[in-house]
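Thanks for coming. Please put the sequence and the model up on the screen, and I will walk through a few places in it.

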Amino acid sequence: MFSTVERPTAIQSLQDFSFDVLIVGGGITGAGIALDAAARGFSVALVEMQDFAAGTSSRSTKLIHGGLRYLKQLDVKVVAETGKEREIVYRNSRNITKPRPMLLPIYKEGTYGKYSTSAGLLVYDLLAGVKHDERREMLTKEETLSLEPLLKQEHLKGGGHYVEYQTDDARLTIEVLKKAAEYGALCVNYMKCEQFNFENNEIVGAVLTDQLTGKRFSTAASVVINATGPWVDDLQKKVISKEKKQLHISKGVHIVVDQSVFPLQQAVYFDHSDGRMLFAIPRENKTYIGTTDTFYSEDKQHPTATEEDIQYIIGAVNEVFPAVELERREVESTWAGLRPLIAQEGKNASEISRRDEIWETVPGLLTIAGGKLTGYRHMAEVVVDRIAKKIEYPYIKPCQTKAIPVSGSDFEDDLALQQYIDRQASRAEQYGLPSQQGARIASFYGRNSDQVFQLAHALSTETSSLPISLRAEILYSIQYEMATSPSDFFIRRKGDLYFQIEVVETFAERVTDYMGVLLHYTDNEKTVYLNELMNAIAEAKGSEAK
């Protein structure tokens, strides 16, 4: 029941049934907990006050990595845990997560010296259990420049070459939620937790408000999980005046430019002269660069890239890739994400550990904060182990998620995935799609691409100014991914706002009209949703474009 059309039925079920677990927060952390708990046999409900993945989980650096930077902070536990999780996440989401060779250039008087880099990467390989063919390789200056000729040559001593994994964070979150729904989890977006219900000084449920209709009601649960990321403290304040642990919210900004402007051949993890490290990563025909790391205390729902943020990253690019000569007008889009970090006094934003922590705020309410995208599955396992100790049902299974592929991603290996993509490309024309579009859809949706194909075929007789593949994907996002607005579709279901912003601008009004027909928008709703998308476009372009 992960469909916009079935949303009213899901809401009725929230009112009619009592759940073992109610998860508040529909980012990757909440999604992982929902899948783990449902797969073990618990009855699960998950609510999210915005769209799924609308917070941190669509605004990260989009890497599944072991956290090499945390070796510098001697955060060995984080490196070891997330390094091992990296392989599990990759194995369970092959069509979303891809190996990405990473180059760490070494400069005289840079953050990493040649010997410390070699030793650090070796320790990284050992702690993270890196596969033999993906282990680090130390390079000469000439070898480093052959991999990435755009790098500044002055004071370059060589480089370290290793493998990270690139993903689509929002897409991963959606596919985990879809798999949780397959196991019976009831997941509803635009559903805000207003307050908690108590019985004998223990939380036994929550009062929820449907953000789309204004309807307010209660749902019952044996355990409630606060997995709201940057909003963790806000939710805790509903039950206690002083939190047991407090968050420091850090903002990270990324910019996107076309490959014609910044023809990066190879992902690079590089030094800024102020001591921070940044990533520059190619993605299809774009290059994205980030991130900043500054404390943040403003609007948590709408963090944006300031002109200062954008200029900082432009300066970093031009410092290390001087031939690019990047200018502000060449920045196509930006995004800003918030990191919910456990407060550590006396440390700046980039120094605070990314380690996750779990605690019982009050009886019946477990809170989880901190952590990294890479560690979402392990974080969920720890949380659900705690739940299993509280709710001791005899039929509950141990953790299953090491061997559960996310929705659409059950491929034995990369060869099986590629064979599937090739097969779907050859079948696409039977459904009215060009073979190239068929390959793209198969790569993006995995085994769920069959449903997109079928929808395209059903729409083939429809007269529309929208491409048939776009219409099929819109319909799929409504029927199978609970998209309610064009922003849901373009930002969280497709990622186009950041990497194909020109497509979003071209089709914004027509997609709003099309979704309006499918979902019976009122005139006011259509105006609200179109304005929401246009504001998102303006935000993505950065403050100068507003």
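**Ala10 and its contacts**

Not counting residues up to four places away in sequence, Ala10 touches Met1, Leu186 and Val188; touching, or contact, means heavy atoms within 4.5 Å. Before going on, a word on the source: this is a predicted model, where local features need pLDDT of at least 70 and side-chain atom pairs count only at pLDDT 80 or more, while totals for chains, interfaces and linings use all residues. Residues are numbered from 1 along each chain as its sequence is written, and side-chain values use heavy atoms, with hydrogens and water left out.

Back to Ala10, which sits in helix 1, residues 7-16. Helices (H or I, at least four residues) and strands (E, at least two) are DSSP runs, numbered from the N terminus. Is Ala10 buried or exposed? Ala10 counts as buried, at 0% relative accessibility. Buried means under 20% relative accessible area, exposed over 50%, and partly exposed in between, with a 1.4 Å probe and protein chains only. In sequence, Ala10 and Val188 are 178 residues apart, yet their C-alpha atoms are 7.2 Å apart in space.

**Cysteines**

Next, the cysteines. How many disulfides does the structure hold? The count is zero, a disulfide being a pair of cysteine sulfur atoms within 2.5 Å. Take Cys187: the closest cysteine sulfur belongs to Cys193 and is 16 Å away, so it is too far for a bond. Cys187 is buried, with a relative accessible area of 0%. Cys399 is in no disulfide either, and its nearest cysteine sulfur, that of Cys187, is 17 Å away. Cys399 counts as partly exposed, at 23% relative accessibility.

Now find Tyr288, in strand 14, residues 286-290. Tyr288 is buried, with a relative accessible area of 1%. Val256 is 32 residues away along the chain, and the C-alpha atoms of Tyr288 and Val256 are separated by 4.3 Å. Leaving aside neighbours within four places in sequence, the contacts of Tyr288 include Lys62, His254, Ile255, Val256, Trp335 and Phe499.

Gln166 lies in strand 6, residues 156-166, and is buried, with a relative accessible area of 10%. The side chain of Gln166 has another polar contact, of 2.8 Å, with the side chain of Arg100.

**Backbone details**

The peptide bond from Gly290 to Thr291 is cis, with omega near 20°. Thr291 is in the loop between strand 14 and strand 15 (294-295).

The other two places are glutamates. Glu109 is not a glycine, but has a positive phi of about 65°. Its loop runs between strand 4 (98-107) and helix 5 (114-128), and Glu109 is exposed, with a relative accessible area of 78%. Glu325, also not a glycine, has a positive phi of about 50°. Glu325 is in the loop between helix 9 (307-320) and strand 16 (331-342), and counts as exposed at 58% relative accessibility.

**A pair of helices**

Last topic. Two packed helices are described by the angle between their axes and the distance between the axes. For helix 15 (residues 486-493) and helix 17 (residues 501-519), the axes come within 9 Å and cross at roughly 135°. Axes are lines fitted to C-alpha atoms, for helices over the stretch in contact, and angles run from 0 to 180 degrees between N-to-C directions. Helix 15 and helix 17 are therefore oblique to each other: angles under 35 degrees count as roughly parallel, over 145 as roughly antiparallel, 65 to 115 as roughly perpendicular, and the rest as oblique.

Which residues meet here? From helix 15 they are Pro486, Phe489 and Phe490, and from helix 17 Val504, Phe507, Ala508, Val511, Thr512 and Met515. By class, this contact has eight nonpolar residues, one polar and no charged. Ala, Val, Leu, Ile, Met, Phe, Trp, Tyr, Cys and Pro count as nonpolar, Asp, Glu, Lys and Arg as charged, and the others, Gly among them, as polar.

How values were computed. Polar contact = N/O pair within 3.5 Å; in protein donor to acceptor, adjacent residues only side chain to side chain.
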